[in-house]
Amino acid sequence: MSFNKKTVQDISLENKRVLMRADYNVPVKDGKISDDYRIKQSLETIRFILAKPGTRLVIMSHLGRPKGPDDKQSSLKPVAQHLSQLLDKKVHFAADCIGDEAKAAAERLGQHEILLLENLRYHPEEEANDKVFAKALVDASGAQIFVQDGFGVVHRAHASTEAITQLLPSVSGLLLAKEIKTIEKIIKEPAKPLVSVIGGAKISDKIEVLNKMINISDCVAVVGAMANNFLLAEHYEVGNSLIEKEALITAKRVMKKAREEEKKRNFSFLLPVDVVVSKRADGRLPTRIVDLKGDNIADILAYPKLPKSSAYIVGPDEMIMDIGPASAGLIAGALKMANTVFWNGTCGITETRGLAGAHDPFAHGTRTITEAMIGPSNRHANRPFTLVGGGDTVSYVEQQGLVEDFSHVSTGGGATLELISGHKLPGIEALLDKHTA
């Protein structure tokens, strides 16, 4: 698709009450927000709207998968408080997203004031794309214009993404427009070479993205638990590692496609040549490197003796937790030659913390490729354009304080994958086209 939708810059907002869909699905524990990246990314659109004369802004979002209105752990009230701090401006909060209380709160808004409505998913009608619920949202907010700025939800046909667009003039926010344009540029006209690093737990979640990136990339590296399926398909022992048994045929098809591409053009499909294994995922037991290809590591470690056969084989009670240093080095080499990088999926279980001051045991591969993309050892005159997408990858980048070092860190994992796969996204399709009067 090509982004030809109207944005907040293409419509008159003066003296209007605006209803904006944001994606504030952020981690909240005991009323504290541990990761506010998505909230911060919405600020540009909020400030643009409030800068127009006489505007009033009502924001709606979901948070988690609440069991019902009594699930207070899923309340957006802490988000309202955090948003107030970020904007240095009072953000009012309504204890529901529809009904008299929400309507009264919206009607009390003065010029340039903000109201955040309570969690949309307290109402099952939201995910059912219910038209009556969408009308209740419009009635409660008193909105005259709808702005879609929640990129993380536009691949879902929900009441706040699709049904509502039938009731109000609907345009894109600045964040949504930026996300779409950035991803489309990667797909359609990337600066070559393009290197894609793709991980995750399931092939089934990434099959279309894998096939797409094999078509357009100069190198595709498969990492994370997903790589286990490819190793198994190539008859390597993977022990007790996470796999999708039903995806074995899919893995073989993807590899066949990749190998055919390698014969036709200058293309590389990289699988791990060595892996880090352990018997537990909590980091409390020793790790070791398994030299799958039997090239160097096992020989060096065993010299002057011959390596034991176990040096090349993942044991039946072991799990693959990360790519090994040789694999990380191969990927890093490709990344340093790249002008564009797409990264979706960490190389290992980066959330496992090291003991007694040790480095996180299963994050070495991810650290190595991160360094190759953005670190001082990347001596490009210009660093590659780097697009990071996917929940676990984005979380890692944020935790390491590296968001500003990447060219674009997406706020939507599922939406990013759907867009790259070539699917139409309901929440975008429903917006006004540029040529619409």
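## Basis

The model is predicted: local features need pLDDT of at least 70, side-chain atom pairs count only at pLDDT 80 or more, and totals for chains, interfaces and linings use all residues. Residues are numbered from 1 along each chain as its sequence is written, and side-chain values use heavy atoms, with hydrogens and water left out.

## Largest pocket

A pocket here is an open set of points on a 1 Å grid over the protein atoms alone, where a 1.4 Å probe fits, with protein on both sides within 12 Å along at least five of seven lines. Lining residues have an atom within 4 Å of a point. Volume is the space filled by probe spheres set on the points, which are joined across faces, edges and corners.

The largest pocket has a volume of about 680 Å³. Its lining counts 34 residues; Gly 200, Ala 201, Ala 225, Thr 346 and Asp 392 lie nearest the centre. Two or more lining residues come from each of helix 7 (203–216), helix 8 (226–233), strand 14 (319–323), helix 13 (391–399) and helix 14 (413–420). Helices (H or I, at least four residues) and strands (E, at least two) are DSSP runs, numbered from the N terminus. Strand 14 gives the most, with five residues. The lining divides into 14 nonpolar, 14 polar and six charged residues. Nonpolar means Ala, Val, Leu, Ile, Met, Phe, Trp, Tyr, Cys and Pro; charged means Asp, Glu, Lys and Arg; the others, Gly among them, are polar.

## Second largest pocket

The second largest pocket has a volume of about 480 Å³. It is lined by 26 residues, with Asp 23, Asn 25, Arg 38, Thr 411 and Gly 413 nearest its centre. Helix 1 (37–41), helix 13 and helix 14 each give two or more residues to this lining. Helix 13 supplies the largest share, four residues.

Six strands form an open sheet in the order 5-6-4-1-7-8, with parallel pairing. Two strands pair if DSSP finds at least two bridges between them. Strand 5 (91–93) and strand 8 (170–172) are the edges, each pairing on one side only. Neighbouring strands are turned by 25 degrees against each other on average, direction ignored.

Strand 1 (residues 17–21) pairs with strand 7 (residues 145–148) over four bridges. Here, Met 20 has Val 147 of strand 7 as its bridge partner. Helix 4 (residues 99–107) lies across strand 1, strand 4 (56–60) and strand 6 (114–116). Helix 4 runs at about 165 degrees to strand 6. Contact means heavy atoms within 4.5 Å. Axes are lines fitted to C-alpha atoms, for helices over the stretch in contact, and angles run from 0 to 180 degrees between N-to-C directions.
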